[in-house]
Amino acid sequence: MQKGLRLNDGHITYLALLAKKDGTRRGCLSKKSSDNTKWHSKWFALLQNMLFYFENDSSSRPSGLYLLEGCVCDRAPSPKPSLSAKECLEKQYYFTVTFNHDNQKALELRTEDVKDCDEWVAAIIQASYRNLATEHETLMQKYLHLLQIVETEKTVAKQLRQQIEDGEIEIERLKSEIAGLLKDNEKIQSNPEVPPSEDDTEIKKIKKVQSFLRGWICRRKWKTIIQDYIRSPHAESMRKRNQVVFSMLEAEAEYVQQLHILVNNFLRPLRMAASSKKPPITHDDVSSIFLNSETIMFLHQIFYQGLKARIASWPTLVLADLFDILLPMLNIYQEFVRNHQYSLQILAHCKQNRDFDKLLKQYEAKPDCEERTLETFLTYPMFQIPRYILTLHELLAHTPHEHVERNSLDYAKSKLEELSRIMHDEVSETENIRKNLAIERMIVEGCEVLLDTSQTFVRQGSLIQVPMSEKGKITRGRLGSLSLKKEGERQCFLFSKHLIICTRGSGGKLHITKNGVVSLIDCTLMEEPEGTDDESKGERSGQDTEHLDFKVMVEPKDVQPYTIILVASSRQEKTAWTSDISQCIDNIRCNGLMMNAFEENSKVSVPQMIKSDTSLYCDDVDIRFSKMMNSCKVLQIRYASVERLLERLTDLRFLSIDFLNTFLHSYRVFTSADVVLDKLITIYKKPISAIPARSLELFFASSQSNKLLYGEPPTSPRVSRKFSSPPPLSITKTSSPNRRRKLSLNIPIITGGKALDLAALSCSPNGYASMHSTMSPFSKTTLDINKLYVTSTVAKFSLFSFNNGMVVSSCRELDNNRSALSAASAFAIATAVGCHFGPGFPTDQRNGDKEFVIRRAATNRVLNVLRHWVSKHSQDFELNTELKMRVIGFLEEVMHDPELLTQERKAAANIIRTLTQEDPGDNQVTLEEITQMDCKTEPFESHSALEIAEQLTLLDHLVFKVIPYEEFFGQGWMKNDKNERTPYIMKTTKHFNDISNRIATEILQCDDVNLRVGVIEKWVAVADICRCLHNYNAMLEITSSLNRSSVFRLKKTWLKVSKQTKTVIDKLQKLVSSEGRFKNLREALKNCDPPCVPYLGMYLTDLAFIEEGTPNYTEDNLVNFSKMRMISHIIREIRQFQQTAYKIDYQPKVAKYLLDSSSALDEESLYDASLRIEPKTSS
């Protein structure tokens, strides 16, 4: 009997040297002796699953070998040192290798370094192949299980075959018996003396055979019935219903995970932070931000567990009782929805604390958040109810009417839709806050003014900023050269209170320029350029020079005044910017005069003026309000009658720019231009009868009301109240008129051709001019009483000078150029004249002056609205000549008013000039001119990818920019008469399809595979250049043509396309993918600077969602103004991209090639050409 095992010594030595040279792991380790008393230092080398050890690293022969296959290696705790031990165990790390053999002792090793120890343990674990053994064992078990199943199936099949054979034998036997019985029956009939007992026995046998045959026929018929049902529409509907439920389970799991992140990554850590010694946030703010979030998470965890239990009992899916559990808890959702806008306001307010902002960024940087912000997680519950509604729609579509769950599902859907209507409005109302926070996150340095939730976003776009020269002026030639330079390009964001000027860095991030945060409170807008007389003459003689620049003069309190010069790309864009800036400045100053609300802008509070008129915030039968405030700190209108909307348009106390934009965009839906113009004319001609009583009460309130609006008069003229508006009067010793337009509170006043001396009206008996009540609320500096001293005979320092019956303030110059009366002007008059007459003035004189103030305020409002209407909605008058002539006739009538102020007369003349002069446009070629040009078409090969990309971008923008915004209302592009209702949208769609056909035709016209590959790669290069040009429409034109079935099926062609080109295609398709409501495309549009050509289909999808989800009128026949506001926001973004033109030179040959559709093939011809190039292969 063999007692030992022979090994090849040479082979072992060779493997040891190989391990020593190329082993997985090598190094010196301490090995415990066999008697467990001493440690010996050995040199170990690991090769595959063999562990060799040597006496030292220079030994050529191994001292021993361990086979590691199947072993277990793990760290071991350090043993307690004995008192006599001299070794220091604190720096030594132990691990053991346990073998699966019965008689094999465990190997104990130690190292000096913890990293070395961990690496040895990992290497030995990998060398043990234990994972492979475990997987092998698992697979073997599965294999044995499958073998058992196969054997069982074979046994069952054998038994079934045996039963069938037995049945056939039994049938044959029974047939023979039947034949014998029939013969016996004939004998019985011929011989009636046969005993009856034998007859009964035969009859029983016959019945038995009949029963067997009936059973066999029934089973076959039942099998046929089941097979027919499986193929029936009802079974198909049930399968789809089950699939909807399975999808619902996946979506619910994802939603529960989102809520889990919201609670565990944000809510609970912030609660702990609020309990710290220096809390960055209070417990009240945490509760306000995360109201009911934890409860909603628990609710959906229960709902998810119930849904999983229903899936476990498949195919019997009963879901109605689950929704019955969910419906009573909807009030929790309703509270969350109503609090959503307030929670975002509180969050924005808390982010002004740097400690909180830093802590929040740490939470958002966690891997679970996947770069999503807290605002995103707070918005997820707002979209869950619509998701349930869509799921219920699909369930009901595949649920028969007689189904037991039909009524319960209908009821659940109706309840959820009722809540969804509320949520739809709330989500739209918070869009402005989310927009501001998104822009604030894009700015690298941050921008605290955007955390003010009363800020309303107005517009954004690219302008050229021109630096001022040393003398403060710049020549027109220098201006023209700078307008094309990249370094002067700025990304500008206009809000209701601030203008923010940034530069765009790499990665789409924004950087605020020097003096880039401009407070509009301190601004004066100058629309016309300033230059020398020689320059002006030269410009007037040259017709090709356009005045595209405008100035914003900033006079802050604590800093030296400075001027910002901005240049637009076209006259239309300049008009839009100056109109919006002017309106914002007017709103601020009007609000500053009328209410004391500029302190604590971030607080969610209602100004005192609003509280004094409940019709501005309390719901009534003909008006409903939301919780969101507009730029004037007045609650936004959700639903209202046409009369109330027109009343708000002509309310003299305020005019929010966001309300004005929404009204002028959408008034055609619920009224007509003639009605709006009639209302403005009525306000002008009969201001007192047309103004609501509530406005008159606030215009001329009692002395107590004046205290409420303006505050107590200061006890000393030096104690002036701080206010955010510029001073209506400032004092200088010289006056020199020039050509600048200044929107200020200083107006010359004329009353019936006679000068009205405000200084004289305000003089007190002691000879001091009592100006504190009118000036101090609006002045930014302390007034010196000595400068206001007026004697009874000669004014030592006159505040006003007289010029041809006109009072001219010595601090402001008259405007000889384009001018408009600011909204704040009339209120300055109202403050100075209407509310501060001395006791010696008769009552009738005071009443006459009040009427004069109302007429001035009404004239100002009418001119303000008309200017905005004419400058930003000129197409209303281009398409309606009768309306244009009515406006011109009305303005000419206004100009003949003898009491009209000079600035009002100039404003009216300015509007008439805008209406009558022809818009020079941007000198860009039109699409009609291109199509009419006679030019020879050159083939695709003769044009470079850059030329094609530039001309395609130019053509796409020409088609896109002429779409009038009226076509975006009413989903006209989806109606039967879409070509008549939305001709320009249909032209854009046709242009998109023609270009896509042109590209596919160009690819399929090449018979040679290498030529086709070259054409594909060239078009991909065109698409990538279009990406750099921000032409996302062309990217979709090209990618959609590549995804057509006729092109996509060309397998041999795509195999030869380079890997780099395929990578570019994947990147482009990911950018313009419709996944997540074009999530990536929206992000790109947000980060890009105009000019840009967006994909129009994305906006049409948004508009269709709004139109289908909300009606134009409520059940009470009120206008859904919240819906109009949502549509207006989308139109504003579209018009922003329409107004900025590309500076691309027109190339006739390339453009003609792109527009030539004569050689383009239709869809059927394209597929035939594809089959001809690469025929189908039989599989």
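This is a predicted model: local features need pLDDT of at least 70, side-chain atom pairs count only at pLDDT 80 or more; totals for chains, interfaces and linings use all residues.
Author: Residues are numbered from 1 along each chain as its sequence is written, and side-chain values use heavy atoms, with hydrogens and water left out.

Reader: Why is S1041 called buried?
Author: Buried means under 20% relative accessible area, exposed over 50%, and partly exposed in between (1.4 Å probe, protein chains only). S1041 has 0% relative accessibility, so S1041 counts as buried. S1041 sits in helix α36, residues 1032–1042. Helices (H or I, at least four residues) and strands (E, at least two) are DSSP runs, numbered from the N terminus.

Reader: Which residues does S1041 touch, not counting those up to four places away in sequence?
Author: They are S996, I999, A1000 and V1047. Contact means heavy atoms within 4.5 Å.

Reader: Why does N292 count as buried?
Author: Its relative accessibility is 17%, so N292 is buried. N292 lies in the loop between α6 and α7. Its phi is near 65°, a positive value in a residue other than glycine.

Reader: What makes Q971 buried?
Author: Q971 is at 10% relative accessibility, so Q971 counts as buried. The loop between α32 and α33 holds Q971.

Reader: How do you know that β16 and β21 pair?
Author: Two strands pair if DSSP finds at least two bridges between them. Here 2 bridges join β16 to β21, and the strands run antiparallel. In β21, V1119 is the bridge partner of A640.
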